[in-house]
Amino acid sequence: MSAVTPEEENLVRLAVIGCGSLSTKRIFPCFPRLPVRLVGVCDLDEAKARQNARRHGGEAVYSDALKMLDETKPDGLVVCIGPEMHAKLAKEALARGIPVYTEKPPAPTATEAWAVAQAARKAGKLCMTAFKYRYAPAQAKARAIIQSPEFGGLSNLSIVRASGPYKNLPGNARTEFLLDFCIHPIDQTLFLAGDLDEVFAVAPTMDNYAISVRFASGAVGSLAFSCRGSWSQPLDRAEIFGAAGQQIQLVDQIFLRYHADGVNKQTNEPRFCTAGGDSLVETGFFPEVEAFVAHLQGKRPVEQIPSRIEESVKSLAFYEAIKASAASGKPVKPARFE
Ligand SMILES: NC(=O)c1ccc[n+]([C@@H]2O[C@H](COP(=O)([O-])OP(=O)(O)OC[C@H]3O[C@@H](n4cnc5c(N)ncnc54)[C@H](O)[C@@H]3O)[C@@H](O)[C@H]2O)c1
């Protein structure tokens with residue numbers, strides 16, 4: 001049997017900027033399972049770029065991101081650095097007509113993310129954020145259940161997330177607990193419950209948040225975020241209630257139990273030890289890269305990408321509303337960008 005040619009496989013020419021911890025552990029390992037040609041690999045630290053290119057078949061190595069974009073002219077760009085560079089490089093790529101996938105957060109502020117959304121709109125190209133909860137099977141099932149007629153409409157959602165310590169250094173987004181860590185449950189909340197109406201937050205310090213929310217649907221919710229937990233056992237729980245007797249439990253992002261009036265209706269309980277599960281899939285890391293590649297192949301239109309930049313703008317507006325409410329002691333409605 002003859003091997004499939006690159007043309008037959010419809011290989012996507014991808015470039016990556018940022019070869020640090022996350023991309024090396026969670027993004028590059030996705031490529032061998034996808035129809036991807038890695039045409040450029042870039043990091044300010046060229047040794048890191050060289051190492052990842054060697055391990056994953058990268059065709060060219062760069063320390064200058066713009067030079068790589070201009071020389072390789074990729075079909076798509078992956079950026080994994082930090083919020084400021086995500087926004088800056090996304091705009092550079094979009095101005096060149098190149099679709100972009102950035103890690104979270106897509107920008108340091110909602111206004112800067114909105115500027116990226118405008119650039120994507122102007123270019124007519126996708127910009128998506130790696131908000132992995134939107135791609136994790138348990139979370140997607142929970143959203144489908146919440147939206148199903150038998151759930152009767154969301155009434156109450158409660159999320160508890162905890163990590164180990166964050167430094168919360170002024171002006172350093174990567175060290176800010178609420179932005180760097182909590183942006184995931186903030187985005188998860190909107191993914192599950194829909195648009196926000198109002199938020200009231202109490203936060204005696206930047207590592208401890210008690211948040212009450214009302215959604216546009218009229219449902220209510222509470223979020224407890226703390227970085228006074230442990231990195232060896234980060235906590236990730238959600239309890240979600242429907243109209244009468246329906247309850248969904250989400251644990252550690254990947255486990256789901258849905259029951260109604262005591263009857264078990266649905267579960268997502270992967271068994272990794274028996275090859276029944278794949279942690280890269282269950283955590284959403286693989287499906288989000290897969291979605292980007294499918295889009296670049298023309299198989300998945302922008303509207304079917306759940307974490308497109310317009311949605312990420314809302315998550316950053318939610319994050320800013322939490323901060324504003326904690327600072328003012330008053331309920332805050334999130335900024336709207338249209
Ligand atoms: N989705 C998740 O669960 C998750 C988990 C961890 C981190 N992240 C996010 O991933 C991003 C990266 O985190 P990390 O832990 O890998 O950071 P890191 O510091 O380990 O890696 C960042 C890399 O970017 C490179 N870099 C910086 N500026 C550059 C430039 N101008 N051009 C090219 N390369 C440049 C650095 O040399 C470094 O190698 C952050 O935004 C973080 O919030 C996401």
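A salt bridge here is a side-chain nitrogen of Lys or Arg within 4 Å of a carboxyl oxygen of Asp or Glu. With that in hand, welcome to the close-up views. This is a predicted model, in which local features need pLDDT of at least 70 and side-chain atom pairs count only at pLDDT 80 or more, while totals for chains, interfaces and linings use all residues. Residues are numbered from 1 along each chain as its sequence is written, and side-chain values use heavy atoms, with hydrogens and water left out.

View 1. The protein is divided into domain 1 (6–130) and domain 2 (133–277 + 310–328), with bounds that come from an automatic or database domain assignment. Their C-alpha centres lie 28 Å apart. Domain 1 brings 18 residues to the contact and domain 2 brings 14 residues, where contact means heavy atoms within 4.5 Å. The size of an interface is often given as the accessible area lost when the parts come together. Here the two domains bury about 1200 Å² between them, 64% of it on carbon and sulfur atoms; buried area is the accessible area (1.4 Å probe) that two parts lose on being put together, summed over both.

View 2. The side chains of Lys104 and Asp180 meet in a salt bridge, at 3.5 Å from N to O. The peptide bond from Lys104 to Pro105 is cis, with omega near -20 degrees. Pro105 sits in the loop between strand S5 (100–102) and H6; helices (H or I, at least four residues) and strands (E, at least two) are DSSP runs, numbered from the N terminus.

**View 3. Helices H7 and H9 side by side.** Two packed helices are described by the angle between their axes and the distance between the axes. Helix H7 (residues 137–147) and helix H9 (residues 183–193) pack at an angle of about 35 degrees, and their axes are 8 Å apart. The axes are lines fitted to C-alpha atoms over the stretch in contact, and angles run from 0 to 180 degrees between N-to-C directions. From H7 the contact takes Gln139, Ala140, Ala142, Arg143 and Ile146, and from H9 it takes Gln188, Phe191 and Leu192.

View 4. In one, Glu59 pairs with Arg37, and the closest N and O atoms are 2.8 Å apart. This pair links distant parts of the chain, 22 residues apart: Glu59 is in the loop between helix H3 (46–56) and strand S3 (61–62), and Arg37 is in strand S2 (residues 36–42). Gly58 also lies in the loop between H3 and S3. Setting aside its neighbours within four places in sequence, Gly58 is in contact with Leu38, Val41 and Ala53. The C-alpha atoms of Gly58 and Ala15 are separated by 8.7 Å, although these residues are 43 residues apart along the chain.

**View 5. The backbone at Lys73.** Where is Lys73 found? Look in the loop between helix H4 (65–72) and strand S4 (76–79). Phi of Lys73 is near 45 degrees, a positive value in a residue other than glycine.
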